[in-house]
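Open your viewer and keep the selection tool at hand. Here is a short tour, stop by stop.

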Amino acid sequence: LVQRREVLLFRGQGFHPPELLGNDRALREALAADLWRAHAVDAAAADDLAALWKEGPDALAVDLRALLGEIGVLPPDAPHPPDPAPLQEAAADALIQAIDTHAADAQALIAQSFDRKVLHGSRAKRPSFEKAFVELHHGRETRRWPRGEKQHVDKLLPERLLSFCYDDKRDQVPASPLFEALNDWCMADAQMQEYIARRRMALLHRIRADARARLTVLKHQQRVQTYDDLIDGVADALESPQGPALAAALRTQYRIALVDEFQDTDARQWRIFDRVFGSGSDAPALFLIGDPEQAIYGFRGGVVHTYLAARASAEAAPALSHNFRSRPAVLRAIDALYAQAGDAAFVDPRIAFHRVEAGGKRTDDDFQRDGRAAPALTPWQAPPPPPDPKARKVEPNHAHGPRALELGAIVLLVAG
C-alpha cells in the first residue's frame, strides 16, 4: 500500500531502512531475558515472575507478542493497598497460640457434637474432622494452612460448622477460640492473596512499559525492524503533523483501496485505511471484503471486533449468495447444523449465519463412496475422559485432549 521511501521521508528517516525480520523470536527471547534480570530485584518480584511465567524467560518471550499489543493489560494499573503481611503474621501468631491452648478441647467438642447429633453425619463426615486437625497441626510448622472447601481444615471455620448442624440444633453449633482464630487467619490470608494478585498485575504493567522502551532500543542497536513496525510506522506518520500531506499523497497514488479478508485486520490497520481512504477522505473509496465467521488470526492481533465496528459504519454491499466450492448436500448439512445452533451460534449476536445456494456444476452423485453419494457430514463425539476413582465428579476433557482425539479420528477415517 505505502511506498517505503515516502513513509521514511514523512518520519524523518534516511533511505536505508533497518533489516526486516521475518521472525522476531530471537529478538523477543533476548528482550525477555533482559526483562527477567531487570525485574527480579527481590524475593517478592522473583516469586511473582515465577508465578506469572512458570517456565521462566522462555514463557515470557512467548507472551511478549500479546503483552506488547495495542489492547494492553486489563484491568488498568492502580495503586495497591498497604502490604497486609504484618496483619497475616499477627493472625498466624494468634492461631498458633490457639492451637497450643485449645486444639485438644476443640477436637473433643467436635466429637461430642457428633455424638449428641448436633453435627449432621451426612453433611460432614467425622473422619474428615480428624484430618482437619492434622492439617491444623501441620500448618503450625509452616505458619500456613490450606484454604478452600476441598480442604479438611476449612470445615473448622464457624460458618462451615453452622452449615453442618441439624437444622433444629444450629443454636448448639460447636464454638471455640480456635475456630475464631482460624477464621481470622483465613481472612488475613485472603487479603494477602488479593494483595499479591494486584502486585503481580502491577508487575505486568511495569514489564509492558519497560518492554516497549527496551525493544525500541534493542531494534535500534541491532538495526532491525518487524512487520509490526512497518504498520506502526505508517500509523504514526498519519497521526503526525505531516499526516494530512501523507494521506493526500497516498490518495493521489491509489484512487481506490480494496481490503480482502478484512476480518483479520487489526485496529491499527483499520485506522490507516479509514484515515486515508475512508472517513478521513473527502471522497471515500474504500471497499472491505470479509467474513467474521473466518476470523482466525487472533495470534497476529486481528480481532473480529475491528471488523464489526467497521461494518457498523460502512454501507453494506450485497452478500454473496452462491457457493461454488461445495456440493449441495454439504451446504444442506451445514444449514441444518446452524439451524440447531440458533441465533447464538457465534456468541456475538452481530455475527449471523447466512444460508447460501450451491453454484457449481457438480452434483452429489459426482462424489461416490462404495457406489453411493458420499455422506455430506459425519458427526463425531469425543469419548468421555477415563474415570478417576479419586475425583468426586467427572471432569471434562481439557482443550488439547479433544484435538488429539479428533486428529486420530481423522487419520482413521482417511486411512479407512
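**Stop 1: confidence.** This is a predicted model. Colour the protein chain by pLDDT; the mean is 88. Of its residues, 90% reach 70 or more. Now select helix α1, residues 4–11: confidence is lowest here, at a mean of 54. Where pLDDT is low, the predicted coordinates should not be read in detail. Move on to α5, where confidence is highest, at 97.

**Stop 2: His120.** Stay with α5, which spans 85–115, and look for α6, at 126–142. The loop between α5 and α6 holds His120. Show side chains. Next, select Phe114, Phe164, Cys165 and Tyr166. His120 touches these four, leaving aside neighbours within four places in sequence.

**Stop 3: the largest pocket.** Select Ile289, Gly290, Asp291, Tyr307 and Leu320. Of the 46 residues lining the largest pocket, these lie nearest its centre. The volume of this pocket is about 1800 Å³.

Which elements each supply at least two residues of the lining? Highlight these:

- helices α11 (267–277), α12 (304–313) and α13 (328–341)
- strands β4 (286–288) and β5 (322–323)

End on α13, which gives the most to the lining, with five residues. Then colour the lining by class: 27 residues are nonpolar, 10 are polar and nine are charged.

Methods
Residues numbered from 1 in each chain as written. Predicted model: local features only at pLDDT ≥ 70, side-chain atom pairs only at ≥ 80, totals over all residues. Heavy atoms only, no water. Helix = DSSP H or I, 4+ residues; strand = E, 2+ residues; numbered from the N terminus. Contact = heavy atoms within 4.5 Å. 1 Å grid on protein atoms, 1.4 Å probe; cavity = no way out; pocket = protein on both sides within 12 Å on 5 of 7 lines; lining within 4 Å. Points joined across faces, edges and corners; volume = space filled by probe spheres on them. Nonpolar A, V, L, I, M, F, W, Y, C, P; charged D, E, K, R; others polar. pLDDT = per-residue confidence, 0-100.
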